[in-house]
Every structure is written in C-alpha cells, then in structure tokens.
Amino acid sequence: MIHKIIYILGTGRTGTTLLGIALNNNPQIFDAGEILKFIKLHGQPHGFSKNSDNYRFWANVYQKTGSKITIDDN
C-alpha cells in the first residue's frame with residue numbers, strides 16, 4: 001500500500017479543521033489535526049491499533065520528523 005501525505009494549510013477560521021474532520025470520516029484517512037497536536041501525541045493516531053498500517057506509517061513519520069521538533073509551551 002502506498003501512503004500519501006496531504007498537507008492542508010490555512011489561516012484561522014477558514015474551514016481547515018472542518019475539512020480535516022470530514023476527511024477523517026473515511027477509515028483510510030488519518031487527520032493529524034494541528035501540527036502541535038500531532039507532535040504532542042508523538043505521531044500516534046487515535047482509533048488505530050498498533051498493528052495497523054496507519055499507525056505504523058504515522059509512527060514512522062513522527063520518528064523521522066516530529067521527534068526533531070520541540071514545542072515551547074510558555
């Protein structure tokens with residue numbers, strides 16, 4: 001299975017969150033939400049078992065990219 005990452009960019013109040021929620025209704029799509037949430041969750045998508053392709057894919061993406069990003073909560 002070939003996975004694709006699609007980035008949806010937009011400023012506040014433009015509907016990007018609603019679009020992500022709508023797309024996430026498809027069981028083959030994972031919406032990481034805002035990038036800060038993806039980082040805080042360590043790339044682990046909700047609702048997927050650790051044996052699923054989606055889980056393994058996003059864990060790998062996080063390992064390669066997200067673990068290098070730091071968040072300053074101050």
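Colleague: Which residues of α3 are buried in this predicted model?

Modeller: Asn54, Tyr55, Phe57, Trp58, Val61 and Tyr62 are buried in α3.

Colleague: How do you know that the buried residues of α3 line one face of the helix?

Modeller: Looking down the axis of α3, the buried residues fall within an arc of 165°, so they line one face. They pack against α2, residues 35-40.

Colleague: What does the face of α3 turned away from the buried side carry?

Modeller: That face carries Gln63 and Lys64, which are exposed.

Colleague: How do you know what α3 should span, and what does the model give?

Modeller: Helix α3 has 12 residues, 53-64, and at 1.5 Å a residue these should span 16 Å. The end C-alpha atoms of α3 are 17 Å apart, which agrees.

Colleague: Why is Ser52 called buried?

Modeller: The relative accessible area of Ser52 is 16%. Buried means under 20%, so Ser52, at 16%, is buried.

Colleague: Where is Ser52 found?

Modeller: Ser52 sits in the loop between α2 and α3.

Colleague: What makes the pair formed by Ser52 and Tyr55 a polar contact?

Modeller: At the start of α3, a side-chain oxygen of Ser52 comes to within 3.1 Å of the backbone nitrogen of Tyr55. The cut-off for a pair of N or O atoms is 3.5 Å, so this pair is within it.

Colleague: Which backbone oxygen lies 2.9 Å from a polar atom of the Ser52 side chain?

Modeller: The backbone oxygen of Ser49 does.

Notes
Residues are numbered from 1 along each chain as its sequence is written. This is a predicted model: local features need pLDDT of at least 70, side-chain atom pairs count only at pLDDT 80 or more; totals for chains, interfaces and linings use all residues. Side-chain values use heavy atoms; hydrogens and water are left out. Helices (H or I, at least four residues) and strands (E, at least two) are DSSP runs, numbered from the N terminus. The expected span of a helix is 1.5 Å times one less than its number of residues. Buried means under 20% relative accessible area, exposed over 50%, partly exposed in between (1.4 Å probe, protein chains only). The arc is that of the directions from the helix axis to the C-beta atoms. Contact means heavy atoms within 4.5 Å. A polar contact is a pair of N or O atoms within 3.5 Å; within protein, one must be able to donate a hydrogen and the other to accept it, and residues adjacent in sequence count only if both atoms are side-chain atoms.
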